[in-house]
Amino acid sequence: MSKTFRAFDEGADLLLRLPCPVLFRYIAEVDPSGATRIGFIAQELAAIDERLVSRGAVAWQTEPALHVQYDALVALLINVVRQHEAELAALRYGADPVSHS
């Protein structure tokens with residue numbers, strides 16, 4: 001259960017530092033179907049911001065593996081959309097963007 005909260009107001013600055021998404025396939029132990037997926041390389045995200053990944057055990061590895069925290073990326077995208085909408089409202093209405101959201 002979470003006990004400490006604070007606003008997460010980061011947005012475009014962090015988003016624009018992310019690498020381009022990649023196409024990949026999991027190894028057969030993870031996904032026997034071999035389906036092509038779209039995502040990010042966890043090690044690249046960790047180098048930018050550790051909050052975008054988690055570390056956890058994987059059965060076939062002796063070292064903890066990095067996992068992309070896609071929920072964190074969703075929160076980041078929501079912030080960027082909100083920031084851009086506020087900027088558009090300010091341009092559109094010439095007023096405080098918060099009063100029009």
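## Exercises on a predicted protein model

Read along the sequence, the protein follows the pattern α-β-β-α-β-β-α, where helices (H or I, at least four residues) and strands (E, at least two) are DSSP runs numbered from the N terminus. The model is predicted, so local features need pLDDT of at least 70 and side-chain atom pairs count only at pLDDT 80 or more, while totals for chains, interfaces and linings use all residues. Residues are numbered from 1 along each chain as its sequence is written, and side-chain values use heavy atoms, with hydrogens and water left out.

**Exercise 1.** Find how many helices and strands the protein has, and state what share of its residues is buried.

*Solution.* Begin with the elements: the protein has 3 helices and 4 strands. Then turn to burial, where buried means under 20% relative accessible area, exposed over 50%, and partly exposed in between, with a 1.4 Å probe and protein chains only. By this definition, buried residues make up 22% of the 101 residues.

**Exercise 2.** Describe the span of helix 3, its buried residues and the elements against which they pack.

*Solution.* Helix 3 covers residues 70-93, and its 24 residues reach 34 Å from the first C-alpha to the last, close to the 34 Å expected at 1.5 Å a residue; the expected span is 1.5 Å times one less than the number of residues. Next, list its buried residues, which are Leu 73, Leu 76, Asn 79, Val 80 and Ala 89. These buried residues pack against helix 1 (12-15), helix 2 (42-48) and strand 4 (65-68), with contact meaning heavy atoms within 4.5 Å. Finally, look past the end of the helix, where Gly 94 follows with a positive phi, near 60 degrees.

**Exercise 3.** Locate Phe 8, decide whether Phe 8 is buried, partly exposed or exposed, and name its contacts beyond four places in sequence.

*Solution.* Phe 8 is found in the segment before helix 1, and it counts as partly exposed because its relative accessibility is 32%. Leaving aside neighbours within four places in sequence, Phe 8 is in contact with Arg 51, Ala 75, Leu 76 and Asn 79.
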